[in-house]
Amino acid sequence: MKRSLTLLACLVGALFLAFVTTLWLVGLPKSFYDFNLMQAITPVVQIAIAVGLAIFVNVKLSNRSKRNELLVSRLEKFEGSLGALHGLAIEYMENKKAEIEPKILEAMKNLSRQIHVLKKMADHSDFNFSYHPKQMEGDFFDYKKALTSEAFKQADVEYGVEAKNRVENINRRIEEKIILQKLDLYR
Amino acid sequence: MKVINIARDFSDAPGARYYEDGPHSGQEFRETILEPAFLENEKITVILDGTEGYATSFLEESFGGLARKYGPKKVREKIEFVSEEDPLLIDEIISYIEEAVAA
């Protein structure tokens, strides 16, 4: 940024000198290019400020856009993993097969790692989250509790309608919040 | 200081809550490993890595159950957790220890 402004100032100065030299070489009277220094400098400074400001705003917007892209990509990864976990959860709640249990637990570990990354990103970003990763963590614990509190790993116990609805509702709640968060980032 | 590595000292596939729920339950872990170590040692380090993962029922019965018996404060003071594989697991366990007050 600083380098760009220096280059710009040098360029403007060089153009000005070239202009005066050319007028002198073609033999125009001194009165033609004799000027008030302040009158000449003012528009140059104004142009430099305008260009500098444009560069500054452009850099800021570009950084914000990159940050938002990064956040959206992490949220999309989280959405995909949540979808995979919920698919396993539905399958397991309908038909309790022991071989699905480690897959569910692995999917939960994966989701936990992703929330951890989002929490770190929130700590290092000035973005105002509408769905803060801390809330995401709380919702994830609720989901895990609903799915693995009672019937999980118990061959003789089936999931009741209430338990299934709870898992479904928490999943929907998280999905909705993620979508709203993404909309905020696209704004 | 005692170190309990759940995968090595108990099971790499921890189960559900009670004995009757199936093998490697939270109750079994608490009664055979965690509680004796808790009573005999000033400090315990519990290594959580190396398992396939933990059901809420297992964690709540193991650590929440211990907190219901000896109080959350003492449990928090005595036990230190290590989890590299699941970064939110320690916060989750602490929440069960803290919630055990109301139980």
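**Pocket, interface and cavities**

Author: The largest pocket is lined by 16 residues, and those nearest its centre are A:Ala98, A:Glu101, A:Lys153, A:Gln154 and B:Pro23. On a 1 Å grid over the protein atoms alone, a pocket is an open set of points with protein on both sides within 12 Å along at least five of seven lines, a cavity is a set where a 1.4 Å probe fits but cannot get out, and lining residues have an atom within 4 Å of a point. This is a predicted model, in which local features need pLDDT of at least 70, side-chain atom pairs count only at pLDDT 80 or more, and totals for chains, interfaces and linings use all residues. Residues are numbered from 1 along each chain as its sequence is written, chains are lettered from A and ligands numbered from 1 in the order in which they are written, and side-chain values use heavy atoms, with hydrogens and water left out.

Reader: How much space lies in the largest pocket?

Author: About 230 Å³, where a volume is the space filled by probe spheres set on grid points joined across faces, edges and corners.

Reader: And how does its lining divide into nonpolar, polar and charged residues?

Author: Six are nonpolar, four polar and six charged. Ala, Val, Leu, Ile, Met, Phe, Trp, Tyr, Cys and Pro count as nonpolar, Asp, Glu, Lys and Arg as charged, and the others, Gly among them, as polar.

Reader: Turning to the interface, how many residues of chain A and chain B are in contact?

Author: 20 residues of chain A contact 23 of chain B, with contact meaning heavy atoms within 4.5 Å.

Reader: How many salt bridges are there between chain A and chain B?

Author: The count is six, a salt bridge being a side-chain nitrogen of Lys or Arg within 4 Å of a carboxyl oxygen of Asp or Glu. One of them joins the side chains of A:Lys109 and B:Glu85, at 3.2 Å from N to O.

Reader: Which element gives the most to the side of chain A that touches chain B?

Author: α4(A) does, with nine residues; helices are DSSP runs (H or I, at least four residues), numbered from the N terminus. That side of chain A divides into six nonpolar, five polar and nine charged residues.

Reader: What about cavities: how many are of 30 Å³ or more?

Author: There are two. The largest has a volume of about 40 Å³, and its lining includes A:Lys109, B:Glu85 and B:Tyr54.

Reader: Which residues line the second largest cavity?

Author: They are A:Leu105, A:Met108, A:Lys109, A:Lys144, B:Gly53, B:Tyr54 and B:Asp86. About 30 Å³ of space lies in this cavity.

Conventions: Helices (H or I, at least four residues) and strands (E, at least two) are DSSP runs, numbered from the N terminus.
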